[in-house]
Amino acid sequence: MKKRKVYLDYAATTPVDYRVIKAMMPYFGEYIGNSMSLHAQGVKVSEAIEIARERIAKYIGANAEEIVFTGSATESNNLALKGVAEANPEKKKIIISAVEHDCVRNSAIWLRGRGYQVVMLPVDKDGLIDFEVLKKEIDKETLLVSIIHGNNEVGTIQDIAKIGNLCRSMGVYFHTDASQSMGKVAIDVEKMKIDLLTASSHKIYGPKGVAILYVRDGVRINPIIHGGGHEGGLRSGTVNVAAIVGMGKAIEVLEKVGKSENLRLIELRDRLIKGILKTIPDCWLNGPKDNRLSNNVNISFERVEGESILLQLDSRGVMCSTGSACSSNNLAPSHVLLAMGLNAPEAHGSLRFSLGRWTNEADINYVLKVLPEVVKKMRKISPFKPFDKTQGE
Amino acid sequence: MMRQQFSYSKKVLKHFKSPHNLGKIKDPDGVGEVGNLACGDVMKLYIKVVENKISDVKFETYGCAAAIATSSITTDLVKGKTIEEALAMTNKEVIDSLDGLPPIKIHCSLLSVDALNEAIYDYLKKREKPVPEYLEKRHMRTITLQKMEELEHKI
């Protein structure tokens, strides 16, 4: 019997949609120009890039000139924080949340080493920042506020419009990392008063290796990569044509299927959450019940460690992750879960399932069949039994 | 550039999926417990000693795949050994027997050797047998480390 494969790690990366692959193919062998070349091949590819730019801009309510293509969301976030800091040396305070992705967090920490004051806003048990605390923190020294839109680990969706309005009214720049939320929550940079926004192609069924930074017209920002002056001078380096065409196509597909896809995913997500909480004792959902990304499920299991469940599930064909996949090389418990008030053992016992375009009901049923067995098995190995679960707290 | 190895050897996964000597021993002659929940690894090792030889050994572990696999292989390696032989075991033996560990998981192998030493320490103390000086030192180091880690994680 063929072993069932259930991929539930769409938040780590998505497969490339077949329509996207088809759109990209001509840009490997047929249209091979460098977008900076003046000959026919160069013109052909730069046209394709501008069509993609236009489409992506429209999708988030921006103008095409405000979209900068980069190599990854990590690069976009680095550019947003360091580029804005570099161009506005008169202000030295940056506010982020305690639940940012490492690329925002570590960029901010890097700036702290260069004389910046960095404030990490605390969050409540659902992972939401306190609006009043943010308001108090913004002062005349403040340059930039950067708050993640949809959290990559626990799926919490922040009230970006409210934060954007506050920042605009107080005259500070507002950046949001929308890598996880793009396609799942409607984004309008005008209405939401966003100055800078990061989004990534490989989280929306596009190829890896391309992302955008939206930079509102008028925002003062310097490049962090210097060279031939591509992307309006903000990001030099030969433009990744096929990937950009792919990201444009991925957005086009989202325009068509995004809405119904999210409704379908919410139903499957809630089915998985309810099923796990019902069949497995001593576990709970991390993050809010409703105000969360349509595809995110994050559960903590008492008395077992996340990685051991992950690998047991993997051997049964189910692929998921512990916290953020990027931190699999890091032994420390997730800073996101700790910020939400979990203690270290509770954070160590967490697992993230993220659903996507090709997840179906049979997949969810299969997980609900094998997960209880796995948790039971690992708890049997554990020296901690239900009665001494307070140990270590 | 440093190469980063995240994946486990086949042997680690084999021991992780079907660990040997799993469980408790009723009336053990020695028990060693090391690690703490904050770090994500806790090992409990039980030994039975007959005529100065480890006749039976079992374990319970909370932790990652490496923690479970190192516990399992340690019990395999130590079964049938004399107390002296068991005390001479190093974490390198554990790592080699598993065909290697990712660098970030090396500490798991130290933990399993510590658990074994603690179990032997417990056995010697209970039987009022002389404890070698180096074992006394290791014991002190193990419990000090544990306390420090607990303080660090403020739990």
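1. Chain B of this predicted model contains six helices and three strands. Read from the N terminus, its elements follow the order α-β-β-β-α-α-α-α-α.

2. Along the principal axes, the C-alpha atoms of chain B fill a box of roughly 50 × 35 × 25 Å.

3. Of the 155 residues in chain B, 44% are buried. Among contacts in chain B with a separation of 6 or more, 63% join residues 24 or more positions apart.

4. Chain A is assigned two domains. Domain 1 is made of two segments, 6-14 and 257-382, while domain 2 covers 18-253. The C-alpha centres of domain 1 and domain 2 of chain A are 27 Å apart.

5. Where domain 1 and domain 2 of chain A touch, 26 residues from domain 1 and 26 residues from domain 2 take part in the contact. On the domain 1 side, at least two residues each come from α8 (241-279), β10 (296-301) and α10 (335-339) of chain A. The largest share is that of α8(A), with three residues.

6. What classes of residue make up the side of domain 1 of chain A that touches domain 2 of chain A? This side has 15 polar residues, eight nonpolar residues and three charged residues.

Notes. Residues numbered from 1 in each chain as written. Chains lettered and ligands numbered in written order. Predicted model: local features only at pLDDT ≥ 70, side-chain atom pairs only at ≥ 80, totals over all residues. Helix = DSSP H or I, 4+ residues; strand = E, 2+ residues; numbered from the N terminus. Buried ≥ 20, exposed ≤ 12 C-beta atoms within 10 Å, placed from the backbone. Contact = placed C-beta atoms within 7 Å. Domains from an automatic or database assignment. Nonpolar A, V, L, I, M, F, W, Y, C, P; charged D, E, K, R; others polar.
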